[in-house]
Amino acid sequence: LEGTYTKVKEIIASKYFLWFTLGLFIISAGWIAVCFRYPFLFDERFHFGVIKAFSSQLSPIIYAQSQDLDMYGNLTFGIATIYHYILSYPYRLLSAFIDNENPIIVMLRFINILLAAWGLFIYSKVFNEIGISKAVTNISLFFFTMIPLFVFESATISYDNMLLLVTAAFFLYGVRIVLGKGNATLNYYA
């Protein structure tokens with residue numbers, strides 16, 4: 001029995017289990033992204049509409065809002081974010097080649113899934129940096145990615161996916177600063 005426990009722990013602690021978890025998450029969220037109609041959860045219509053609004057300009061700031069954008073609220077120095085501006089570039093590229101919005105929406109959903117997966121990967125690095133074992137990190141991320149709401153949210157066009165990534169990066173650099181690892185210049189300014 002102890003040999004089985006050791007073998008299972010080695011499997012869970014391996015980098016392959018982390019990649020299995022991330023792969024399973026991407027497949028699960030990808031299936032949802034492809035199969036569910038637009039608009040999906042929460043405010044996907046808002047996010048896609050604001051991305052489309054940014055696609056018609058080069059500036060990351062909307063200075064003058066047309067009346068057809070009023071349904072999204074105050075976008076002029078308001079609730080539009082850098083997320084919408086960044087995703088307007090894949091939208092521009094895709095809309096140059098694809099006339100139908102449905103495949104574009106699915107592809108933007110996949111970009112969001114990859115943002116969430118990247119955030120999970122960085123969180124695994126954060127947990128390892130603070131001394132949590134790889135087995136606990138991997139099994140925790142596995143169970144977290146199996147929460148249906150997380151998978152559904154990750155499969156939508158939403159700035160929550162980029163927020164997950166950015167928060168993980170801030171935690172990673174914060175931990176490195178506290179532990180005295182990393183770039184000395186970064187430590188000086190913190």
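Visitor: What lies over the face of Tyr89?
Guide: That's Arg92, at 4.2 Å from the ring centre. A charge sits over a ring if NZ of Lys or CZ of Arg is within 6 Å of the ring centre and within 35 degrees of the ring normal.

Visitor: Before we go on, what are we looking at?
Guide: A predicted model, where local features need pLDDT of at least 70, side-chain atom pairs count only at pLDDT 80 or more, and totals for chains, interfaces and linings use all residues. Residues are numbered from 1 along each chain as its sequence is written, and side-chain values use heavy atoms, leaving out hydrogens and water.

Visitor: OK, rings on rings. How many aromatic pairs are there?
Guide: The count is 16, taking rings of Phe, Tyr and Trp (its six-membered ring) with centres within 6.5 Å; planes under 30 degrees apart are stacked, over 60 edge-to-face and the rest tilted. One of them is Trp19 with Phe121, stacked at 5.4 Å centre to centre and 25° between the planes.

Visitor: Where do those two sit in the chain?
Guide: Trp19 is in helix 2 (residues 15-35) and Phe121 in helix 5 (residues 101-129), 102 residues apart. Helices here are DSSP runs (H or I, at least four residues), numbered from the N terminus.

Visitor: And Phe142, buried or exposed?
Guide: Buried, with a relative accessible area of 17%; the cut-offs are under 20% for buried, over 50% for exposed and partly exposed in between (1.4 Å probe, protein chains only). Phe20 is partly exposed at 44%.

Visitor: Which cluster has Phe20 and Phe142 in it?
Guide: An aromatic one, together with Phe17 and Phe143.
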